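Thanks for sending this one over. Here are my notes, point by point, to read alongside the structure.

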Amino acid sequence: MKERVKAPVEEIRQKFPYVEVDEQQTVIVPADKLLELMQGLKNEFALDFLTNETAVDYPEESKFELIYNLNSICHGYTMMVKTSVDRDNPEIPSVFPIWGGANWQEREIYDLMGIVFTGHPNLKRILLDDKFDGHPLRKDFQWESVRE
Amino acid sequence: MLKTQEYCLNFGPQHPATHGVFQVILTLDGEKIVKAEPVCGYLHRGIEKLAEARTYTQVIPYTDRMDYLAAMLQNLGYVQAVEKLMGIEVPERAEYLRIISGELSRLTSHVLGTGVYALDIGGFTGFLLCFREREKMMDLLEELTGSRMTLSYARIGGVADDAPEGWLEKVDRLMDEMPGYIEEYNGLITGNEIFQARTKFVGELTPETAVNYSLSGPVLRASGVNYDLRKNMPYGIYDRFDFEVPLGTNGDCFDRFYCRVREMEQSVRIIKQAIEQIKEVDGPVMGKVPKVLKPPKGEVYHEIESSKGIIGYYVASDGSNKPYRVHVRRPSFVNLGYLDEMVRGVLIADLVAILGSIDIVLGEVDC
Amino acid sequence: MLENLFVGVADWLRSLLGGIGFLPVEIAESIVFLVKLVAILVFILINALWLVYMERKIAAYMQARIGPNRVGPKGLLQTTADIGKLLCKEIVIPKNADLVVFLLAPVLIFVPTLMVFAVIPLGKNMAALDMNIGLFYLLAIASVSTLFFWMAGWSSNNKYSLVGSMRVVAQMVSYELPLVLSLLGVIMIVGSLKMSDIIAAQNSVWFIFTQPIAFLIYFIAAVAETNRTPFCLVEGESEIIAGPYTEYGGMAFAMFFLAEYANIMVICAVTTIVFLGGWHAPLGLTFIPSWVWFFLKMYALIFVVMWFRWTFPRIRVDQLMGFGWKVLVPLSLANIFVTGIGMYIYRAIGW
């Protein structure tokens, strides 16, 4: 199988000195520098396709981790960007102004995890009922039919 | 004293043209849509939460039930993600069987999309002709896997069973007949002037908008963007096959529909090549996999090209035998994000045409 | 002998009643007339039942399947079973529906169709009432049916029905014009509105050959008038569910559909009379009675109408209006113009 084009992680680390890169070439950025990095990635590194945006709950470390997967259509590489927010007050700026594809994905994360995206045009619940109480995908959500 | 008034029409969850339980709250001025608010979630079953309480192999049937029309492709994405996480090698014969059943699933999904689109536009006969072919394909898949729609054929490390005696010849025969059937669909549906008048220049999408809104699959390629994961980021053994990626020019409903028809022809090509090549490959259909699967602590994101678009699986493991987090990036869900802007200013009949051309399946939208 | 079967029966009845003695002639005539109308009524209803079965079988064979074949020999009693089921169903009346109008619409929907059949000559000398404004009467009464479709949708208190009924009014009113204008060419040539005159004028050449464009325009406008595919946006199925009929259940629903088939019969009958020579036998095969020829021609046209339904998709409302007003109306006006000039030239040459 032919080798995939690798994302230019080294250049990104040089351009944005506040990011870290781990062994799987994932870029980790602090939450307050998120928008700056994302805008730079879209404009200068041609990462114009936001494939996936999701969140993972780590209650022991008291944080939510947000995962962004970006593809570059013309160059053909893909990259994962991670950031963390505090579990007790989960707020993070929305990347909707940069990629419109974040619209429904952020609504889903808000609905199921409870992370508030500031600057999102229509942050309402999407999969669950509007009057639903709680955020089911959190690890401490009480649910009935769990099979042990 | 005479005035017009906008009214609110519920293109309700129960409707013959919404491809499932999907609601669009329309604000109409006469027959023109002023505002459309899509409401989904009527089929939400909590698959991502359920997956955290099952072992890695037990998650595979859940993945079938999302896009139940092209079940093998959903299985394939998940299984390849876990194999990437654990570093498992898949034997050759299993790879070929995955390709053949995957492309057959893609064919069943596109055939249904074509037929149901003809039904939405009003040509009932096209729908029944397409289903005639789908029955043949589902019979073949039943012989292979035991189930017509929700296959659960892929396993972590290979596939469940080898192909039964004579199955590959039957698939070969059907693939020889398929171009003739696709000609029939072209004659009845694609070439019909009324169909073209209903779908051409309706719901146009520019390539920049399509990329910005993360649309994928035939919806993206109809706008002219050449992005098919089987070619741009190949997975499995797709780089051994010779096929084309059909592109559109205008990005209207007709182009999206016609891209699917041409993709059917390409799937037929791939299956025929795979059947040729699998004759020389013999061996097990399941790799060396431990009895209890415990992937190392870590995470992986893997995406493949399903019939509706890009399906991605994010699997995070904490070292136990149950996944810590499974997230599915569902193509129909993301493709619908642009719906409310696309249908502003069109008539109700055009809403049906546009929704049909995006080709959603509600099991996938709601997960 | 077979030719004059029905005329003979009417004459026998007349003489029977005349032989009673004390019955004045007018009463005898009116009894014969009443029997004729009842016979036509029975004819229409049985035909509507047969047409439902025919449509299902034709649809099935065009779609590579078989269609009804269980109820009765070869499925012939399927429609009877369906009507039996529908009779037993409850007609659910929505809460805020306008009760009188809601219940009146399915009752009145058959009225224009039945009224119109009184002037249609089903064979030689077989029109129940041969008025000398026959065609005019037919067109006038047939256009009243728009009102009843609209009543059904308006009174249902349902937005889908409202959209459907507005579409009905727009469609039927727009396609009345090409319908009437295309017939004007034929009327100009014949010179009279009487149905039997129109048929008599075709004993050498049928009007389909002298007025081909008028035939096409009339046929398309007539298919639009009966709300059949490709103009079936009234009962759009995949868009507005069932349009004006959404809230109706049971026998009321059945009334609308039987009325649709009866309307198809009317337009095919009129097309046969005006363009295909009515009950005239083509190629001189007069040993087959005239009424059998009429039925054969009418059913051939009904088959074509059904063929359209199972081939074409539905067109959109704005495309429908554009097509009706911008294409059909100018074409039919041009047809009248050309016919006028043609008639003048022929008379001048002396043909």
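1. Let me begin with the make-up of chain A, which has three helices and seven strands. Read from the N terminus, the elements of chain A follow the order α-β-β-α-β-β-β-β-α-β. Please keep in mind throughout that this is a predicted model.

2. Now for overall dimensions and packing. The C-alpha trace of chain A spans about 45 × 35 × 35 Å along its principal axes. Of the 148 residues in chain A, 36% are buried. Among contacts in chain A with a separation of 6 or more, 46% are between residues 24 or more positions apart.

3. Strand 4 of chain A (residues 63–71) deserves a look of its own. Seven of its nine residues are buried, so strand 4 of chain A is largely enclosed by the rest of the structure.

4. What joins strand 4 of chain A to strand 3 of chain A? Nine bridges do, linking strand 4 antiparallel to strand 3 (residues 49–58) of chain A. One pair to pick out on your screen is A:T54 with its bridge partner A:I67 in strand 4 of chain A. These two strands form a hairpin with four residues between them, and A:S62 in the turn has a positive phi of about 55 degrees.

5. Strand 4 of chain A also runs antiparallel to strand 5 (residues 78–86) of chain A, and nine bridges join them. Here A:L66 has A:T83 in strand 5 of chain A as its bridge partner. The hairpin of strands 4 and 5 of chain A has six residues between the strands, with A:G76 taking a positive phi near 90 degrees.

6. On to chain B, where three strands make an open sheet in the order 1-2-3, with antiparallel pairing. Its edge strands, strand 1 (7–11) and strand 3 (32–39) of chain B, each pair on one side only. On average, neighbouring strands of this sheet are turned by 20 degrees against each other, ignoring direction. Strand 2 (residues 23–29) of chain B is joined to strand 3 of chain B by seven bridges, the two running antiparallel. Within that pairing, B:I25 has B:E37 in strand 3 of chain B as its bridge partner.

7. Last, the contact between chains B and C: 22 residues of chain C touch 25 residues of chain B. On the chain C side, the elements giving two or more residues are helix 8 (159–190) and helix 14 (317–349) of chain C. Helix 14 of chain C gives the largest share, three residues. By type, this side of chain C divides into ten nonpolar, five polar and seven charged residues.

Notes. Residues numbered from 1 in each chain as written. Chains lettered and ligands numbered in written order. Predicted model: local features only at pLDDT ≥ 70, side-chain atom pairs only at ≥ 80, totals over all residues. Pairing = 2+ DSSP bridges. Axes fitted to C-alpha atoms, helices over the stretch in contact; angles between N-to-C directions. Contact = placed C-beta atoms within 7 Å. Nonpolar A, V, L, I, M, F, W, Y, C, P; charged D, E, K, R; others polar. Buried ≥ 20, exposed ≤ 12 C-beta atoms within 10 Å, placed from the backbone.
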